Amino acid sequence: MLSIIVPTYNEENTILDLLIHLSDAIGPSDELLVVDGGSSDKTISIVEENGFTCLKSPTKGRAAQMNYGAEKSSGEVLYFVHADTFPPATFRDDIEEALSQGYESGCYRYRFDTNHPLLKINAYCTRFDRLMCRGGDQTLFIKRDLFDELGGFREDFMIMEDYDLIQKIQSRAGFRIIPKNATVSARKYDNNGYFRVNFANLVIFMMYFAGLSQETMVHAYKNLIIHPKFD
């Protein structure tokens with residue numbers, strides 16, 4: 001049984017298309033859970049009015065929302081999908097194949113929903129097995145027992161929570177980079193430009209590996225990146 005967990009916060013423009021895409025590919029015993037962090041737009045009503053399950057997380061923040069979804073789910077395998085990321089329609093078979101090969105966790109490569117030539121370079125790099133080439137936008141599947149053993153996502157992490165968990169997974173178990181592409185929104189690049197976003201990402205990576213605090217990293221990121229969902 002596969003439990004798909006989608007954390008949301010003000011995703012009214014994309015959430016229904018994503019849920020239809022995901023629901024078309026899952027089996028009858030699988031479950032699809034949206035975990036909302038207090039959206040002020042129509043996200044929750046869109047999810048519920050179209051017959052999908054929406055959980056209201058007691059704590060806002062992607063790490064907390066994904067942990068809450070995992071806690072409330074029933075599947076033997078957890079699959080975390082960001083609201084602006086569309087995995088291949090074959091994701092269920094791809095995950096099952098990776099598990100049958102002995103992998104306990106993994107992700108996809110990705111491509112952006114634009115033909116911007118520089119973004120094709122970023123996307124190409126996601127085929128390499130390096131931490132800087134990973135990220136939550138590539139989706140993440142993980143066996144529940146491994147997720148529980150590792151303690152899930154760190155809820156004190158407001159940023160880089162996915163990298164922290166992937167680091168722990170790779171030190172403990174086999175991690176599969178499925179050689180297919182998830183499709184990721186380029187909205188952050190549209191709002192800021194290619195070089196600004198990549199500079200911001202580099203700064204945050206350097207701060208993360210230098211051991212700086214979450215508060216310092218979030219403050220720096222908000223100063224570097226324009227994003228309509230930042231409070």
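Tutor: On a 1 Å grid over the protein atoms alone, a cavity is a set of points where a 1.4 Å probe fits but cannot get out. Grid points are joined across faces, edges and corners, and a volume is the space filled by probe spheres set on the points. This is a predicted model, so local features need pLDDT of at least 70 and side-chain atom pairs count only at pLDDT 80 or more, while totals for chains, interfaces and linings use all residues. Residues are numbered from 1 along each chain as its sequence is written, and side-chain values use heavy atoms, with hydrogens and water left out.

Student: OK, how many cavities of 30 Å³ or more does a search of the whole structure find?
Tutor: The search turns up one. The volume of the largest cavity is about 60 Å³.

Student: Which residues line the largest cavity?
Tutor: The lining is M66, F80, H82, G135, G136, T139, L140, F153, D162 and I166. A lining residue has an atom within 4 Å of a point.

Student: And how do the lining residues divide by type?
Tutor: Five are nonpolar, four polar and one charged. Here Ala, Val, Leu, Ile, Met, Phe, Trp, Tyr, Cys and Pro count as nonpolar, Asp, Glu, Lys and Arg as charged, and the others, Gly among them, as polar.

Student: T139 is on that lining list. Where does T139 sit?
Tutor: T139 is in the loop between α5 (117-125) and β7. Helices (H or I, at least four residues) and strands (E, at least two) are DSSP runs, numbered from the N terminus. The phi of T139 is near 65°, a positive value in a residue other than glycine.

Student: Is T139 buried or exposed?
Tutor: T139 counts as buried because its relative accessibility is 1%. The cut-offs are under 20% relative accessible area for buried, over 50% for exposed, and partly exposed in between (1.4 Å probe, protein chains only).

Student: What about M160, what's its phi?
Tutor: M160 has a positive phi of about 70° although it is not a glycine. M160 lies in the loop between α6 (144-150) and α7 (161-170), and at 7% relative accessibility M160 counts as buried.

Student: Switching to the sheet. What's the strand order?
Tutor: The order is β3-β2-β1-β4-β7-β6-β8-β5, in an open sheet of eight strands with mixed pairing. The edge strands are β3 (53-56) and β5 (85-86), each pairing on one side only. Two strands pair if DSSP finds at least two bridges between them.

Student: Why is β6 largely enclosed?
Tutor: Six of the eight residues of β6 (residues 105-112) are buried, so the rest of the structure largely encloses that strand.

Student: How many bridges join β6 to β7, and how many to β8?
Tutor: Two bridges join β6 to β7 (residues 140-143), and those strands run antiparallel. Eight bridges join β6 to β8 (residues 175-184), and that pair runs parallel.

Student: Now helices. Which residues of α4 are buried?
Tutor: In α4 (residues 91-100), the buried residues are F91, D94, I95 and A98. They cover an arc of only 95° around the axis, which puts them on the same side of α4. The arc is that of the directions from the helix axis to the C-beta atoms. On the other side of α4, D93 and S100 are exposed.

Student: Last one: where is S213?
Tutor: S213 lies in the loop between α9 (194-209) and α10 (214-224). At 33% relative accessibility, S213 counts as partly exposed. Its side chain makes a polar contact with the side chain of T216 (2.8 Å). A polar contact is a pair of N or O atoms within 3.5 Å; within protein, one must be able to donate a hydrogen and the other to accept it, and residues adjacent in sequence count only if both atoms are side-chain atoms.

Notes. On a 1 Å grid over the protein atoms alone, a cavity is a set of points where a 1.4 Å probe fits but cannot get out, and a pocket is an open set with protein on both sides within 12 Å along at least five of seven lines; lining residues have an atom within 4 Å of a point.
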